[in-house]
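Hello,

Here is the structure I promised to pass on to you. Have a look at it first, and then read on for what turned up when I went through it.

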Amino acid sequence: MKIDKNKIADHNGQFRESFDRDFGFVAENLSRKGIDVEKVVMKVSEFQVAVPSWALGAGGTRFGRFSYGGEPASLEQKLNDIGVLNDLTRTAGAVSLHIPWDTPKDVKAIKEVAASHGISFDAMNSNTFQDQPEAEKSYKFGSLNNTDPAIRDFAVQHNIDVINIGKELGSKSLTVWLADGASFPGQLNFQNALQNTQKSLQGIYKHLPDDWRIFIEYKPYEPNFYSTTIQDWGTSFMLANACGEKAYTLVDLGHHLPNTNIEQIVATLMLKGKLGGFHFNDSKYGDDDLTVGSIKPYALFLIFNELVYGMENNPQNPNLAWMIDASHNIKDPLEDLLQSLEAILIAYAQALLIDQKELREAQEQNDVVKCQEILQEAYRTDVRPILMAARKKAGAALHPITAYRDFQVRKSLIKERGTKNMATGL
Ligand SMILES: [Mn+2]
C-alpha cells in the first residue's frame with residue numbers, strides 16, 4: 001500500500017495553526033542565539049535511516065512471540081511496509097537486508113518494488129549464527145572462528161554469496177556480526193579463535209568490491225555467555241585494521257555492558273577514521289532492542305554530540321551507515337519504528353544546536369559548569385517543530401503516528417494479509 005501525498009497534506013492541514021505557532025516560537029528563540037533554524041531543518045531533512053528487513057515482523061523474546069496481524073510474509077510486503085514509513089516520514093529511504101531470511105527470489109522484481117517506494121539497498125547482513133535447513137556444516141561451535149577450517153571456509157563462502165546478492169541489488173556494504181564465542185571457560189583457545197576470525201575476515205575482504213565497505217560489529221555477550229570473540233570496539237577496530245582501508249567498526253548501541261561510555265567510543269573511532277556503521281536501539285540491561293530513546297534519551301543526545309562533531313571535524317571518517325536495530329517486542333512494529341525515527345532525529349537536531357565554538361572555549365578554560373550548561377541548553381530545547389518543518393518540506397506527515405492511526409494502516413494491512421501471516425526472521 002502507498003499513502004497518497006494529498007491525503008498526507010490534508011491530514012497536515014488540521015495542524016497548520018499549531019505548527020506555525022510552535023515552529024515560529026522555536027525559530028525565534030534560536031535566531032536570538034544566532035542559530036540559523038533553516039539550516040538545522042535542512043540537515044534534519046537530509047538524514048536517512050535504513051530499516052532492517054527483520055524489524056517489520058512481530059518481535060518477541062526466546063520465551064514467546066505475540067503476533068499483531070497483517071505481518072509481512074514476503075520481502076515485497078516488507079518493502080511495502082518500509083514504503084509506509086517512508087511516505088509518513090521521508091526519513092526511512094533504505095532497507096538493510098538479512099540473508100538468508102530475506103533473500104530475493106526475483107532480484108529485478110524486488111528492485112522495482114523498492115524503487116517504487118524510493119527505497120535503496122543499504123548494508124547487507126550475513127548470518128552465520130544459525131544453521132539453515134539442509135546446511136552441510138554447523139555453526140554450533142562458531143563460524144569464522146571455528147576450530148574446523150572447513151566450517152570457516154563455509155562461513156566465508158556465505159559472506160561472499162551475500163556480497164554477490166548485494167551487488168545485484170546495488171548495495172555497497174556488508175555487515176558482519178558474529179555470535180562466535182564460548183559459553184564455558186576453557187571451551188575456546190582465545191588466541192586461536194581470534195586468529196581464525198582475522199584470517200576468515202581477510203578471506204571475505206578479498207572478495208569485497210573496490211567501492212564496497214565491510215562493517216565489523218561487536219558484542220560483549222549473548223548468545224554465548226562466557227566470551228564473545230569480537231567482544232568490544234577495540235577488537236573490532238584491530239580486525240578492521242588487519243583487513244584494510246575498506247573495513248570499519250560498527251557500533252550497535254545495545255552491544256555494550258551497562259554504563260559503557262558509548263560517546264567516547266564514537267569519538268575515538270571517528271578520530272581514527274574507522275567508524276563505518278551505526279545501529280540504533282535502547283536498553284535497560286543489555287541487548288534489549290528497545291525503541292530508540294525510550295530509556296536513555298540523554299545518552300543518545302551525548303552520542304549524537306560526538307557524531308555531529310565527528311561529521312564536521314573528521315573528514316578521515318566516511319559517511320556513516322545508519323540503521324535501526326530494535327525489536328519492539330509488544331508494539332506494532334511500524335509504530336515502534338516511527339517512534340525510533342522520531343527519537344533519532346530529535347537527538348540529532350538537539351546535537352546540531354550545540355554551540356561548538358562556545359563549548360570549545362569553555363573546555364579550554366576548564367569551565368565545567370558552562371560546558372554542562374551548553375549541552376543541556378541544547379538538550380532541553382523542544383526541537384519537535386524542527387522535525388515537523390523538515391517533514392512538511394518533504395511532503396511527509398507532521399504527526400506520523402497520528403496519521404498512521406487515523407489512516408488505519410494496520411487495519412488495512414490485516415484486511416489485505418490476514419491475521420495468520422508470519423514474517424521471516426526474528
Ligand atoms: Mn546490530
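Let me begin in the sheet: Asp252 stands opposite His279, a residue of strand E10. Please keep in mind throughout that this is a predicted model. The chain gets from E9 to E10 by way of helix H9 (residues 262-271), and this β-α-β crossover is right-handed. E10 itself spans residues 275-280, and four bridges pair it with E9 in the parallel sense.

E9 has another partner as well. Strand E7 (residues 213-217) runs parallel to E9 and is joined to it by four bridges. Within that pairing, Phe215 has Tyr248 of E9 as its bridge partner.

How much of E9 is buried? Six of the six residues in this strand (residues 247-252) are buried, so E9 is largely enclosed by the rest of the structure. The burial holds for both sides of the strand: Ala247, Thr249 and Val251 point one way, Tyr248, Leu250 and Asp252 point the other way, and all are buried.

Now to the helices, starting with H3 (residues 37-46). Its buried residues are Val37, Val40, Val41, Val44 and Ser45. Seen down the axis of H3, these fall within an arc of 135°, so they line one face of the helix. On the face turned away from that buried side you will find the exposed residues Lys39 and Glu46.

The contact with H14 is worth a look in your viewer. There, Val37, Val40, Val41, Val44 and Ser45 of H3 meet Ile386, Leu387, Ala389, Ala390, Lys393 and Ala394 of H14. The two helices pack at an angle of about 65°, their axes being 8 Å apart, and the crossing is right-handed.

H14 is mostly covered, with eight of its eleven residues buried. Those residues are Pro385, Ile386, Leu387, Met388, Ala389, Ala390, Arg391 and Lys392.

I would be glad to hear what you make of it.

Best wishes

Methods
Residues numbered from 1 in each chain as written. Predicted model: local features only at pLDDT ≥ 70, side-chain atom pairs only at ≥ 80, totals over all residues. Buried ≥ 20, exposed ≤ 12 C-beta atoms within 10 Å, placed from the backbone. Arc of directions from axis to C-beta. Pairing = 2+ DSSP bridges. Right-handed = clockwise from strand over helix to strand, strands pointing away. Axes fitted to C-alpha atoms, helices over the stretch in contact; angles between N-to-C directions. Left-handed = near helix turned anticlockwise from the far one by under 90°. Contact = placed C-beta atoms within 7 Å.
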